[in-house]
Amino acid sequence: MFVEALTAVYNANKDQSLLSPIRTAADWFLGNNRLGIALYDFSTGGCHDALMATGLNRNQGTAASVYCLLAFMTLHKLAGLDIPEAKSGGTG
């Protein structure tokens, strides 16, 4: 997972420039993606599997939910650091 990989590099060298990409990668699940649609579903606590050209894949699989929650937990662990807000209109 991209968030975990960036965090591992950050933990190894404390490169502050990695904090913004970590936040941006995690915010992808909340709608900072090419379609502007949140994959995380607050009503179910699950995460949709993918974005498709036509919109959101309605399936909420275990793997997607776990990766999403791991991304959120990583942000929580880094919460004491000054992580810049992600810019809207992200990619992916």
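The following legends describe close-up views of a predicted model.

**Figure 1. Packing of helix α1 against helix α3.** Helix α1 spans residues 2-13 and helix α3 spans residues 62-77. Two packed helices are described by the angle between their axes and the distance between the axes. Here the axes come within 9 Å and cross at roughly 30 degrees. Because angles under 35 degrees count as roughly parallel, α1 and α3 are classed as roughly parallel to each other. On the α1 side the contact is made by V3, E4 and T7, and on the α3 side by L70, A71 and T74. Sorted by class, the residues of this contact are three nonpolar, two polar and one charged.

**Figure 2. The largest nonpolar core.** This core has 19 residues. Those with the most contacts inside the core are V3, Y10, I22 and C47. Helices α1, α2 and α3 each supply at least two residues of the core. V3 also takes part in the contact between α1 and α3.

**Figure 3. The buried residues of helix α2.** Helix α2 comprises residues 19-27. Its buried residues are L19, I22, R23, A25, A26 and D27. The elements that cover these buried residues include α1 and α3. Among the buried residues of α2, I22 is one of those with the most contacts inside the largest nonpolar core.

Figure 4. H48 is placed in the loop between β2, residues 46-47, and β3, residues 51-52. With a relative accessible area of 6%, H48 is buried, since buried means under 20%. Its side chain reaches the backbone oxygen of N57 at 3.0 Å. A polar contact of 3.3 Å also joins the side chain of H48 to that of Q60. Leaving aside residues up to four places away in sequence, H48 touches L39, D41, L56, N57, R58, N59, Q60 and A64.

**Figure 5. S65 in helix α3.** S65 lies in helix α3 and counts as buried at 14% relative accessibility. The side chain of S65 reaches the backbone oxygen of G61 at 3.1 Å. When residues up to four places away in sequence are not counted, S65 touches G46 and C47. C47 is in turn one of the residues with the most contacts inside the largest nonpolar core.

**Figure 6. F72 in helix α3.** F72 is found in helix α3 and is partly exposed, with a relative accessible area of 22%. Not counting residues up to four places away in sequence, F72 touches A26, F29, L30 and Y40. A26 belongs to the buried residues of α2. The C-alpha atoms of F72 and V3 are separated by 9.3 Å, although the two residues are 69 residues apart along the chain.

**Figure 7. The backbone at K14.** K14 is found in the loop between α1 and α2. Although K14 is not a glycine, it has a positive phi of about 55 degrees. At 49% relative accessibility, K14 counts as partly exposed, because exposed requires over 50%.

Notes:
Residues numbered from 1 in each chain as written. Predicted model: local features only at pLDDT ≥ 70, side-chain atom pairs only at ≥ 80, totals over all residues. Heavy atoms only, no water. Axes fitted to C-alpha atoms, helices over the stretch in contact; angles between N-to-C directions. Helix = DSSP H or I, 4+ residues; strand = E, 2+ residues; numbered from the N terminus. Parallel < 35°, antiparallel > 145°, perpendicular 65-115°, else oblique. Contact = heavy atoms within 4.5 Å. Nonpolar A, V, L, I, M, F, W, Y, C, P; charged D, E, K, R; others polar. Buried < 20%, exposed > 50% of the residue type's maximum accessible area, 1.4 Å probe, protein only. Polar contact = N/O pair within 3.5 Å; in protein donor to acceptor, adjacent residues only side chain to side chain. Core = buried A, V, L, I, M, F, W, Y, C linked by side-chain atoms within 4.5 Å.
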